[in-house]
Amino acid sequence: MPELPEVQAHVERLSRPVDDGGFAGAVLGGFRPITFTALKTALPDPSEAVGRPLRTVDRRGKFLLLRFPSERAGDGAVTEEDPITFVVHLMQGGRLVPDESQSAKPRNGVARWSFDDGTALLLTEAGKERKAGVWVLAGDPLTQSPLSDLGIDADVVTRDQLATALDAKGTRLHTFLRDQHGIAGIGRMLANEICHRARLSPFAATNKLDGDQVDRLHAAIAGCIADALAFERGMERMSKSAERPGNVHHHKSDPCPTCGDTVRAVEYNAYEVDYCPTCQTGGKVLADNTTSKFLK
Ligand SMILES: [Zn+2]
């Protein structure tokens with residue numbers, strides 16, 4: 001699943017001007033949901049944005065925001081008002097890509113934005129989950145669902161904001177990191193890598209971390225995001241999960257790059273928690289069972 005760094009780098013690619021391979025400034029000609037589940041909102045009608053230029057593409061958590069403000073010229077300046085924003089979530093296998101062929105039935109197609117210059121953007125979703133989707137919002141998108149209940153973005157959260165969120169949740173660290181309401185933007189891979197870099201158990205209780213541990217966690221969040229973003233900015237398109245460099249994520253049975261111990265995993269139906277016992281759990285190997293008393 002794309003996480004904050006992958007979405008951020010992709011937003012930067014899309015934000016380039018039209019003559020530099022991006023979409024900024026392109027005038028919307030039409031929006032078409034291709035699957036029944038693509039459009040998550042009834043109002044406003046997406047056609048309200050037709051005729052407006054795509055002013056910015058930005059990000060909140062793992063969501064992409066395509067902003068189409070109404071522009072009014074006057075007094076020598078252009079004012080932007082009444083924005084229509086398309087909020088896109090890629091979920092597990094979604095991608096938002098330039099649509100070269102613009103076929104009538106695009107493979108894995110979910111929704112399409114067509115622009116007056118003949119270009120188009122296509123939301124695709126591989127697999128059968130059909131969870132990727134688009135919300136069309138009028139006004140300030142940040143104050144509305146699905147963005148309004150997100151926690152602070154993980155790349156800008158301060159140490160004290162993090163401490164407050166950790167204390168308020170009182171859950172296991174790995175769960176906290178993946179939950180978008182404490183802090184936003186982190187998924188399965190970064191959660192594993194952050195816990196490892198911070199030398200903290202993924203099952204540590206968030207409201208029992210001491211000051212030094214919170215310091216390490218805050219530094220690890222910033223460091224892991226910076227490294228992933230630097231990697232992702234070097235790609236011409238969004239990376240696949242298997243391409244992303246990591247120390248423990250999906251490295252079960254490999255040696256830990258930090259200490260040489262064997263990376264272990266606690267496996268769940270949909271994902272696994274990967275960790276190094278020596279670096280993170282005082283050498284303790286956690287039972288592969290969520291109810292185990294050893295999961296501390
Ligand atoms: Zn280690």
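Reader: What makes β6 and β7 paired strands in this predicted model?

Author: Five bridges join β6 to strand β7, residues 120-125, and the two run antiparallel. Pairing requires at least two bridges found by DSSP, so with five bridges β6 and β7 count as paired. Within this pair, Ser-114 stands opposite Ala-120 in β7.

Reader: What lies between β6 and β7 in the hairpin?

Author: Four residues lie between them, and Gly-118 in the turn has a positive phi of about 95°.

Reader: How do you know that β1 pairs with β6?

Author: Strand β1, residues 28-33, is joined to β6 by five bridges, and these strands run antiparallel. The requirement is at least two bridges, so β1 and β6 pair. Phe-31 stands opposite Trp-113 in β6.

Reader: Why is β6 called mostly covered?

Author: Buried means under 20% relative accessible area. Six of the seven residues of β6, which spans 109-115, are buried, so the strand is described as mostly covered. For the protein, buried residues make up 46% of the 296 residues.

Reader: Why is Ile-186 called buried?

Author: The relative accessible area of Ile-186 is 0%. The cut-off for buried is under 20%, therefore Ile-186 is buried. Ile-186 sits in the loop between β10 (183-184) and α4 (188-198).

Reader: Which residues are in contact with Ile-186, leaving aside neighbours within four places in sequence?

Author: Among them are Glu-3, Lys-62, Ala-154, Leu-177 and Ile-221. Contact means heavy atoms within 4.5 Å. Ile-186 and Ile-225 are 39 residues apart in sequence, and their C-alpha atoms are 8.9 Å apart in space.

Reader: Why is Met-91 called partly exposed?

Author: Met-91 has 23% relative accessibility. Buried is under 20% and exposed is over 50%, so a value of 23% falls in between and Met-91 counts as partly exposed. Met-91 is in the loop between β4 (77-89) and β5 (94-98).

Reader: How do you know that Gln-102 is partly exposed?

Author: The relative accessible area of Gln-102 is 32%. This lies between the 20% and 50% cut-offs, so Gln-102 is partly exposed. Gln-102 is found in the loop between β5 and β6.

Reader: What makes the phi values of Met-91 and Gln-102 worth a remark?

Author: Phi of Met-91 is near 50°, a positive value in a residue other than glycine. Gln-102 has a positive phi of about 50° and is not a glycine. Most residues other than glycine have a negative phi.

Reader: What does the secondary structure of the protein come to?

Author: The secondary structure comes to six helices and twelve strands.

Terms used
Residues numbered from 1 in each chain as written. Predicted model: local features only at pLDDT ≥ 70, side-chain atom pairs only at ≥ 80, totals over all residues. Heavy atoms only, no water. Buried < 20%, exposed > 50% of the residue type's maximum accessible area, 1.4 Å probe, protein only.
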